[in-house]
There are 2 protein chains.
Amino acid sequence: MTPVKVSLRSGAVKVVTDNKQVPNHSRSHRARPTMDDVAAVAGVSRGTVSRALNGGHNVSGPALEAVQRAIRKTGYVVNQHARSLVTQRSDSVAFILSEPQDRLFEDPNFNVLLRGCTRALADHDITLLLTIAGTEEDRKRVGRYVTAGHVDGALLVSDHAGSPLLRELKGRGLPVVTCGRPLGHEREISYVAADDRDGARQMVSYLRSRGHRTIATITGPLDTSGGVDRLAGYHDVLGEGDRRLVVSGDYTQASGEAAMERLLAQAPDIDAVFVCSDLMAAGAIAALRRAGKRVPEDVAVGGFDDSKVALSSTPPLTTIRHPLGRISGEMVRLLLGHIAGEPPAAVILPTELVVRGSA
Amino acid sequence: MTPVKVSLRSGAVKVVTDNKQVPNHSRSHRARPTMDDVAAVAGVSRGTVSRALNGGHNVSGPALEAVQRAIRKTGYVVNQHARSLVTQRSDSVAFILSEPQDRLFEDPNFNVLLRGCTRALADHDITLLLTIAGTEEDRKRVGRYVTAGHVDGALLVSDHAGSPLLRELKGRGLPVVTCGRPLGHEREISYVAADDRDGARQMVSYLRSRGHRTIATITGPLDTSGGVDRLAGYHDVLGEGDRRLVVSGDYTQASGEAAMERLLAQAPDIDAVFVCSDLMAAGAIAALRRAGKRVPEDVAVGGFDDSKVALSSTPPLTTIRHPLGRISGEMVRLLLGHIAGEPPAAVILPTELVVRGSA
DNA sequence: CGACACACTGTGAGCGCTTACAATGACACC
DNA sequence: GGTGTCATTGTAAGCGCTCACAGTGTGTCG
């Protein structure tokens, strides 16, 4: 029973523990007790066991107790596949992230959103399955998985316009709620979004009110609602004669840095920039610093998100807060309603300016 | 068909889009075509459709074509529950993270591990389900979910000794592979780990070879194999008369910072510290800097992981690299083997010292 | 020409569960 | 005592699929 070290390919060391008790070779799964076993032990019928399991209505006290005892004794666990086959429900929903996996880890927004959704769903005893669909191939696999009946609905995060995934899910009739406006599908698909356009207006107005004249913006991807709506807000505020400087990033820090460099090359006299995510703002500040500009003295920087980077950045970011906690809560509410048969709806939540050191 | 804005509770604005085409109210799911529908359209029997779907052996060319056409025409998607009910397989495995969700996002190791596993499983057309079991309650829910037959196996990451989750999964006979030695279960459970003890030895030996005399260590949680094994390696190298300074953290940056402060209070003359994760090392460096110590001139800092923080920290970290890519690959290999009926096994992979600026 | 192998196909028996539905017995009421 | 109500229970019909089995028709061989 002592571990045997065996050298393995390319320098690995393998320890094989040859345990004595018969390992659960092949289908030892088959030992799994079924409802009939429980019924037999409890001395009742399968139907009664089922009823006891599902709320215990119309089950007498003694029967209920007997069933519970039998369940403990046999170690019974319901077979979800069998149950789902008849109920057409799986009591789980997918959280689909249509982004390269790195972004999930880089962007704190996802963390907050994910946590919120998990929590809200747990209240309904529904499990959340996180699936990352970064590549085209992933999206296919996820699409197949999700439409195969594994989940009752899907929370779609950060989908880009024209992505076939949304169309496919919708085509299958799977309840879907997106985070952010589903460009081109606003009518048929439920969504929850912050009032991005208004948030952008608030920030740009604020920058103007502080006396800045040449206000640039670094947008998010223009195939997402966050990208286009915040840009629209920027244009809303700027007047006829104002100079408009627009560069796009993809919400990552690196892209913010690169965008800021391009902006600086284009117009060295910029005195404020509205950056459409905190992460990109952090990148922009790094680029400004490298160019010898002080923030906010030479260039004011406004962010968007009020994520934790806003606080850890130096100076801390003046930014727009969107209520991610409520967004996740509303997404879940909408999805569950949708699953229950309600028609699609949309919820727009207000944003708020948070003034800190960067502008 | 114009969106109607309706004010919602607590300041939200709700847009209700009343779309005309009948929304898939209640169980429009029921429109879902079954195998019999496909069979009818293709003019063959259910059995032939099934065979065509599962490899196409013993199906004639024309029949295969007819089935494929019928599938396209009907939009048929297999019902996984029905299939799983008979095959006892779900073609998906769970990636269970027994940590508060924050750590998933803070620690880049998980990112790398997750990506590796996803990729390795995708090659076998198996979906990976990420479940986060941060709280006790989460663990219960996840345990229930996983043992209900939703997945064929589980990859357990960062489980702590004595956690009931592992015991439960094992008790159900679910194939499990852990990342890191499952303390107290080494004999029965498959695992993949880096040679933590040897890695620690390499680092501490290196620090000694550079002339450092008072070498402290900041360990990981001592109920994880990474925690105890790296500490053991530290002790292995230190001799009789050496001073041993041990403080524990929980792998987070904040804990590294706090641990360093305690260490400094305890022994201001420390000239080197072996920190058991890069993230904690970054925290330690921050604490050292705050205390007016230069790294590496006054205090040398050695990390562990060779994660991306090792590069972004200043100075870049001298650290121990463990092959996360291979670890995830081996985990998947072991798990699939286990599912196929092989007995448990363990794989230990070598580590490597990477010298950079911090020591 | 019968026997046999072979490729292909249809049939039916479940997988483990939920859920009408019918059956049962206890009880109260007239 | 007859009858209706009610709670509780057992029974059986599937949910949509796979897979062993039993055909069916063809070609090949002695």
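## The sheet in chain A

In this predicted model, strand β8 (residues 215–219) of chain A and strand β10 (residues 272–275) of chain A run parallel and are joined by four bridges. To find one of these places in the viewer, look for A:I215, whose bridge partner in β10(A) is A:A272.

These two strands belong to an open sheet of four strands in chain A, with the order β9-β8-β10-β11 and parallel pairing. At the edges stand β9 (245–248) and β11 (300–302) of chain A; each has a single partner strand, so one side of each is left without a neighbour in the sheet. From one strand to the next, the twist averages 20°.

## Helices against the chain A sheet

Now turn to the helices that meet these strands. Helix α9 (residues 196–209) of chain A packs on the sheet and touches β8, β10 and β11 of chain A. The direction of α9(A) makes about 170° with that of β10(A).

Helix α10 (residues 225–237) of chain A lies across β8, β9 and β10 of chain A. Its run is at about 170° to β8(A).

## The sheet in chain B

Chain B has an open sheet of four strands too, and here the order is β9-β8-β10-β11, with parallel pairing. Its edge strands are β9 (245–248) and β11 (300–302) of chain B, each of which pairs on one side only. Neighbouring strands of this sheet are turned by 20° against each other on average, direction ignored.

For a closer look, follow strand β10 (residues 272–275) of chain B, which pairs with β11(B) in the parallel sense over three bridges. Opposite B:F274 you will find B:G302, in β11(B). Helix α9 (residues 196–209) of chain B lies across β8 (215–219), β10 and β11 of chain B, and α9(B) runs at about 170° to β10(B).

## Two crossing helices in chain B

Which residues of α2(B) and α3(B) meet? From α2(B) come B:T48, B:V49, B:A52 and B:L53, and from α3(B) come B:A63, B:L64, B:V67 and B:I71.

## The largest pocket

The largest pocket holds about 1,400 Å³ of space. It is lined by 39 residues, and the closest to its centre are A:Q253, B:Q253, B:K308, B:V309 and B:S312. The lining divides into 14 nonpolar, 13 polar and 12 charged residues.

Which helices supply at least two residues each to this lining? In chain A they are α5 (101–106), α6 (108–122), α12 (278–290) and α13 (308–312). In chain B they are α5 (101–106), α6 (108–122), α12 (278–290) and α13 (308–312).

## Backbone details in the loops

Most residues other than glycine have a negative phi, and most peptide bonds are trans. With that in mind, a few spots in the loops deserve a look. The phi of A:Y251 is near 80°, a positive value in a residue other than glycine. A:Y251 sits in the loop between β9 and α11 (253–266) of chain A.

Where are the cis peptide bonds described here? One goes from A:T314 to A:P315, with omega near -10°, and A:P315 lies in the loop between α13 and β12 (319–321) of chain A. Another joins B:V295 and B:P296, with omega about 10°. B:P296 is in the loop between α12 and β11 of chain B.

Technical notes. Residues numbered from 1 in each chain as written. Chains lettered and ligands numbered in written order. Predicted model: local features only at pLDDT ≥ 70, side-chain atom pairs only at ≥ 80, totals over all residues. Heavy atoms only, no water. Contact = heavy atoms within 4.5 Å. Pairing = 2+ DSSP bridges. Axes fitted to C-alpha atoms, helices over the stretch in contact; angles between N-to-C directions. 1 Å grid on protein atoms, 1.4 Å probe; cavity = no way out; pocket = protein on both sides within 12 Å on 5 of 7 lines; lining within 4 Å. Points joined across faces, edges and corners; volume = space filled by probe spheres on them. Nonpolar A, V, L, I, M, F, W, Y, C, P; charged D, E, K, R; others polar.
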